[in-house]
Amino acid sequence: MLPVDHRTTLLDALREHLGLTGTKKGCDQGQCGACTVLLDGRRAVSCLQLAVAADGREVTTIDGLADGERLHPVQRAFLDLDGYQCGYCTPGQTCSAVAMIEEHAAGWPSAVTGDVRPEAGPPPLSADEIRERMSGNLCRCGAYVAIVQAVARATEAESTEAAA
């Protein structure tokens with residue numbers, strides 16, 4: 001447990017109190033997604049989340065995605081396909097993509113999913129699906145084409161690892 005003022009955001013607790021500076025502060029209003037972390041495996045913009053509300057919950061930042069020296073498949077795909085330019089949004093994009101892939105695999109529909117019936121299963125993860133599902137994360141450099149490609153490759157990599 002980290003003793004912080006009850007008004008401290010999760011983002012500020014991570015960066016200022018724990019030294020986990022991989023998570024970036026963008027707009028500080030929950031609109032850009034740069035501060036996206038995983039909270040119990042689900043996406044959360046940490047600038048709008050109070051640190052005290054995360055007590056007892058699992059918080060994963062970009063700093064904790066890799067398994068030692070082995071990068072998470074999303075991290076590897078972002079590197080391989082240049083899914084970043086300045087890199088500022090990359091931690092939030094990466095955390096969001098990790099959760100998005102899980103949401104898709106669980107069959108969660110998006111606004112562009114054609115058949116939302118549960119028995120239809122997950123829709124194909126097309127570029128349109130990826131763009132819609134990642135729409136809460138902005139990239140001011142405009143690396144969207146590479147980001148979509150990286151998410152698609154990471155999805156394929158995770159499917160291959162799961163089958164092995």
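Guide: Let us begin with a threonine: the side chain of Thr113 reaches the backbone nitrogen of Ser110 at 2.7 Å, a polar contact being a pair of N or O atoms within 3.5 Å, where within protein one must be able to donate a hydrogen and the other to accept it, and where residues adjacent in sequence count only if both atoms are side-chain atoms. The model is predicted, so local features need pLDDT of at least 70 and side-chain atom pairs count only at pLDDT 80 or more, whereas totals for chains, interfaces and linings use all residues. Residues are numbered from 1 along each chain as its sequence is written, and side-chain values use heavy atoms, with hydrogens and water left out.

Visitor: With which side chain does the side chain of Thr113 make a polar contact?

Guide: That partner is the side chain of Glu129, at 2.8 Å. If contact is taken as heavy atoms within 4.5 Å, Thr113 touches Pro123, Glu129 and Arg133, not counting residues up to four places away in sequence.

Visitor: Where is Thr113 found, and is it buried or exposed?

Guide: Helices are DSSP runs of H or I with at least four residues, strands are runs of E with at least two, and both are numbered from the N terminus; Thr113 lies in the loop between helix H3 (90–105) and helix H4 (127–133). Buried means under 20% relative accessible area, exposed over 50%, and partly exposed in between, with a 1.4 Å probe and protein chains only. Thr113 counts as buried because its relative accessibility is 9%.

Visitor: How should I read the salt bridge that Arg133 forms?

Guide: A salt bridge is a side-chain nitrogen of Lys or Arg within 4 Å of a carboxyl oxygen of Asp or Glu, and in this case Arg133 pairs with Glu129, the closest N and O atoms being 2.7 Å apart. The two are separated by about one helical turn, because they are 4 residues apart in helix H4. Both ends are buried, Arg133 at 7% relative accessibility and Glu129 at 3%.

Visitor: What does Thr155 touch?

Guide: Thr155, placed in helix H5 (residues 144–163), touches Ile101 and Leu125, not counting residues up to four places away in sequence. Its side chain reaches the backbone oxygen of Val151 at 2.8 Å, and Thr155 is buried, with a relative accessible area of 14%. Thr155 and Ala105 are 50 residues apart in sequence, yet 9.3 Å apart in space, C-alpha to C-alpha.

Visitor: Why is H3 described as largely enclosed by the rest of the structure?

Guide: H3 is described in that way because 14 of its 16 residues are buried. From its first C-alpha to its last, H3 reaches 22 Å, close to the 22 Å expected at 1.5 Å a residue, where the expected span is 1.5 Å times one less than the number of residues. Just after H3, Gly107 takes a positive phi of about 90°.
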